[in-house]
Amino acid sequence: MSNALASPAPAPKPTVDSVIQSRRQNRYAKGTFFALLLIMVVWSIKITVIEDTDWERIGSLGKVFEAANRFIGVDISLFPSLIGPTIETLMIACLGTLLGVMLCIPAAWFGALNITPYKPITYPLARLTMTLSRSIHEIVWALFFVAAVGLGPLAGVLALAVRSIGFIAKMSAEAIEDIDPGPVDAIRATGGNDFQVVLYGILPQVLPQVLSVVIFEWEINIRRSAILGMVGAGGLGLVFFRQMNTFNYHGVTSVIVAILMLILLGELVSYFWRKAVI
Amino acid sequence: MNRAMDPRPATPSGTPQRVWSRFKFPGSLIGYAVWLSILVFLAYTVEYLDIPLDRLFGMFGRMGTTLANRYYPPDIEYIMDADYLEYVIETIQMAYLGALFGLLASIPLGWFGSYNMSPSRRYVFPIARLISMGCRSVHEMIWAILFVTIIGFGMLPGVLALMFFCTGFAAKLFAEEIEAIDMGPVDAMRASGANLFQIMLFGVFPQVRVAFTGIAIYTWDVAFRAATVIGFFGAGGMGWYLKRNILQIETERVAAILLSIVFLVLISEAISAWARARVMKMK
Amino acid sequence: MAVLEVRDLRARYSARGPEVLKGISFRVEADDFFAIIGPSGSGKSTLIRCINRLVEPSGGTIIFYDREVTKLRGRQMRLLRRDIGMIFQEFNLIDRMSVMDNVLSGRLGYTSNLRSLFRIFPRDDIQHALGLLDRVGLLDHVDKRADELSGGQRQRVGIARALMQNPKLLLVDEPTSALDPKISREVMALIKQMATELKVPCLCNIHDVTLAMEFCNKIIGLQDGNKMFDGPTEEMDQVMLNKIYDMEVL
């Protein structure tokens, strides 16, 4: 008995040949896509690296290794004079992170959907600030601040502070948006004012995450601080620059070693801090 | 107070009276000591670095006027020049080649540096982690300067610098993703007699594919941001114009170049955000 | 000869931790559908996983046909694993891949690296896969992604995948724990059916004693890493069950 509402004819059962064919078609499609991608990449390499590089000047691979070899070896006599700049670099990183955290307080407040005071204006403003801060390279910020406040560590501190806002405020705002509203309601219910709500309801919930983010950014700031000196913002970067200019390659390597030591210190501090806090 | 009138419930006899205090010894003491020493250190740094806190606010006022006078209006015509635009295209190509090769290198490096899937936990794993940490710790500008010194000016050192830099952090992110997978499918592949390469192919990569795409997009972001500035040290791209104009104290042109850098990075970020949203939906 | 002979198998999870298996010995013959039962933590899963060394035994010997499993390394171990199929409690399918690719992945032990990269499998494999998928009733779902299937369907893909290896022994690790009772019975029946058809002996870790007694011909009862019972299902009685589970078993 035929039924107008009978289910449509079932799809044809797969056979070995149909499966093999569809797999093959699939492979060809993917293969073509990647082949095109590869062509594009090769073409890019050709017109940028290959045509742009002065191959004659480079000479052979041997000469390249020779040039690289110049860096191998450390100028030990330089190390005592590196202590000052290293401490300076560390300090710039610390102050820069601290200032950044202070600047992040309003930024994260405005940038969190649940506590921003006037959503149509303050939220987009905060988001724009964070994006701007993150998108501009620290060297560009450093150049800007050197132009504004002159050479020296202050420019470096300001550059790092402003650069850090992007990440710290963004993560903090996300942490604030993710909080459990329960404690906030509870504090409000007991009659707390806005400040107390933040202090007892919000802060305890986001503090671990925020601290973790701050430590992370502090470590990165040590990296950044070391090179900001190259554009005039103080610290090891200046020494690096001078060593390069006097072609003291072993000296350059010494500076790099100093930087790596500093970063290692940062990693150790961060590791122990995490153990203690989290 | 007369015990009979005390409304508080009596503690059952026999239990010791416990006193709660906010300040626990020695835990609290150590905590406060740490914070105090951090604050002292920071105060000292302000001294050491000679930062004029009192003059600071005055400085911002002067900063405003300096910028208004010398950096405004930015010389827009200068950056619309065809030569400059060529450099812009160069910057973009350098960025994506550096990011691409960096990502390609960081896939095996991340695999070897993942605790659960590394071919040898004793040797390969720590070496891979060390290499990736090393690449990460050296700032991309230092990589650029090193390569420029070794190879000369141009885009090749730029691409190499970006590649080494990207490998460092992409490998770490990859390794973390691999360490977070569900080991069930990996067990299944092991049980059927597959070798490590096949286990990675079928057991690991399908699980991390989406996260990898996210990491790839992030890598591009970072690479592009660095590529715009890398030319400052001779490694190709628009940064070279920046340096030239700074040396010539053509401040209005510098302003224009900085604006173009900011503009391009913002566009790149917008595209990345869109791409990331697409990837999230693809999950 | 016996398909599998286990002698004084011992296992522990960390060098100084407690022994999870305290010297288990038994034999599996070619027509056995062996059940391993026991309370949680008795070592059932560990025992199964020691057979193909997903878990490393700390002592004892395992002999599969004429090969000493406990002594194999690297490539030899992989070749041996090809001959032992495994079905998992959590199915362990590759979620983002299609049913067909999941079943074919059972043949990876026979496929070269290059072919694996491009997912090229020989015609015979595809034919075999289709046959198995038909047999487990999933022929209409061949191109679906594995995570689009229900629990019972996923386990059936797992069964097909294990059988793709043409295994000489099937290890089954709590196949039904993640499934509801009706589907559990169907899946157990399917495994039993196909194992009997293809003449593959099974070693099955089950937590549901009723299913064990219904489908299996021999039982091992474990308690706290010790073997309490080893014999045909008929000899299992309530007294012994109580002893194994140390409590009333429903």
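Reader: What puts domain 1 and domain 2 of chain A apart, and how many Å separate their centres?

Author: In this predicted model, the centres of domain 1 and domain 2 of chain A are separated by 42 Å, taken over C-alpha atoms. Domain 1 covers residues 16–53 and domain 2 covers 76–277. Those bounds come from an automatic or database domain assignment.

Reader: Why is chain A called more spread out than a compact globule?

Author: Let's start with what chain A is built from: 11 helices and zero strands. Its radius of gyration is 28 Å, whereas the globule rule gives 19 Å for 278 residues. The value is well over the rule, so chain A counts as more spread out than a compact globule. Along its principal axes, the C-alpha trace of chain A spans about 100 × 75 × 40 Å.

Reader: How do you know whether chain B is compact or spread out?

Author: Chain B has 11 helices and zero strands, and from the N terminus on its elements run α-α-α-α-α-α-α-α-α-α-α. For 283 residues the globule rule gives 19 Å, and the radius of gyration of chain B is 28 Å, well over that, so chain B is more spread out than a compact globule. The C-alpha trace of chain B spans about 95 × 70 × 40 Å along its principal axes.

Reader: And what makes chain C count as compact as a globular protein of its length?

Author: Chain C holds nine helices and 10 strands. Its radius of gyration is 18 Å, close to the 18 Å from the globule rule for 250 residues, so chain C is as compact as a globular protein of that length. Its C-alpha trace spans about 50 × 40 × 35 Å along the principal axes.

Reader: What share of the residues in chain C counts as buried, and what makes a residue buried?

Author: A residue is buried if 20 or more other C-beta atoms lie within 10 Å of its own. By that test, 45% of the 250 residues of chain C count as buried. For chain B the share is 42% of 283 residues, and for chain A it is 38% of 278 residues.

Reader: What makes A:Ala142 stand out in the largest nonpolar core?

Author: This core has 217 residues, and A:Ala142, B:Leu162 and C:Leu203 touch the most other members. Helix α7 of chain B, residues 155–179, gives the core its largest share, 16 residues. Leaving out residues up to four places away in sequence, A:Ala142 touches A:Ala155, A:Gly156, A:Ala159, A:Leu228, A:Val231 and A:Ala233.

Reader: How many residues of chain A and chain B meet in their contact, and what classes make up the side of chain A?

Author: Chain A and chain B bring 38 residues each to the contact. On the side of chain A that touches chain B, 26 residues are nonpolar, six are polar and six are charged.

Terms used
Residues numbered from 1 in each chain as written. Chains lettered and ligands numbered in written order. Predicted model: local features only at pLDDT ≥ 70, side-chain atom pairs only at ≥ 80, totals over all residues. Core = buried A, V, L, I, M, F, W, Y, C linked by C-beta atoms within 7 Å. Buried ≥ 20, exposed ≤ 12 C-beta atoms within 10 Å, placed from the backbone. Helix = DSSP H or I, 4+ residues; strand = E, 2+ residues; numbered from the N terminus. Contact = placed C-beta atoms within 7 Å. Rg over C-alpha atoms; globule rule 2.2 N^0.38 Å. Nonpolar A, V, L, I, M, F, W, Y, C, P; charged D, E, K, R; others polar.
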